[in-house]
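Me: Please take a close look at one part of this model and describe its surroundings in a connected way.

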Amino acid sequence: MSILKLLFGKKKRERVVVRTQRPTIKGVMTSVLATQAAIFLLLLAGLSLTGCAVASVACMPLFLLFSPVLVPAGITATVLASGFMAGGGSGVTALTIFMWLYKRFTGKDPPKIPGLTPAGGAASGGAASGGSAPAEGGDAGGGAAPAAKKSASKKSAAKKPAAKKPAAKAGK
């Protein structure tokens with residue numbers, strides 16, 4: 001019975017006390033200046049839209065008159081810009097590859113290439129954890145990974161005895 005009363009019973013209205021505040025001079029001045037600024041910006045937007053419409057109507061005969069020159073010029077400019085972009089992109093790619101090859105053959109670590117898995121990794125069937133280091137300076141994808149694992153294990157081995165000493169002192 002009480003559940004039905006809670007579900008379908010009338011709720012008591014809560015009294016909400018609303019405090020009315022008088023507007024301050026600062027609030028009135030802020031609203032007046034904001035309204036004036038909004039009106040000015042709307043007028044400026046309308047004037048610029050009207051100016052663009054008038055300019056396009058005035059220039060339309062010139063565009064039609066010179067279209068036998070402008071259309072081929074636009075097509076030529078687009079083709080030239082595409083060619084320069086393709087050539088520049090290819091040149092940057094070639095320089096990046098040559099730099100990578102130079103670093104690879106001089107014995108320096110090659111830059112990390114995203115998405116490339118190491119030759120000894122799990123993707124190629126090698127042992128993913130603790131695999132043997134490859135001969136002759138590393139593999140193609142990241143020869144520094146086994147060395148990083150060894151140094152990390154040395155660091156953790158070095159930290160373990162240091163952590164036991166304060167525990168032994170605290171126990172005494």
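In which helix is Met 60 found?

Reply: This is a predicted model, in which local features need pLDDT of at least 70, side-chain atom pairs count only at pLDDT 80 or more, and totals for chains, interfaces and linings use all residues. Residues are numbered from 1 along each chain as its sequence is written, and side-chain values use heavy atoms, with hydrogens and water left out.

Met 60 is found in helix 2; helices are DSSP runs of H or I with at least four residues, and strands are runs of E with at least two, numbered from the N terminus. Met 60 counts as partly exposed because its relative accessibility is 42% (buried is under 20% relative accessible area, exposed over 50%, partly exposed in between, with a 1.4 Å probe and protein chains only).

Helix 2 (residues 25-65) gives the largest share of the patch, five residues.

Phe 63, Leu 64 and Leu 65 in helix 2 meet Ser 67, Pro 68 and Leu 70 in helix 3, contact being heavy atoms within 4.5 Å.

For the whole protein, the secondary structure comes to four helices and zero strands, and buried residues make up 3% of the 172 residues.
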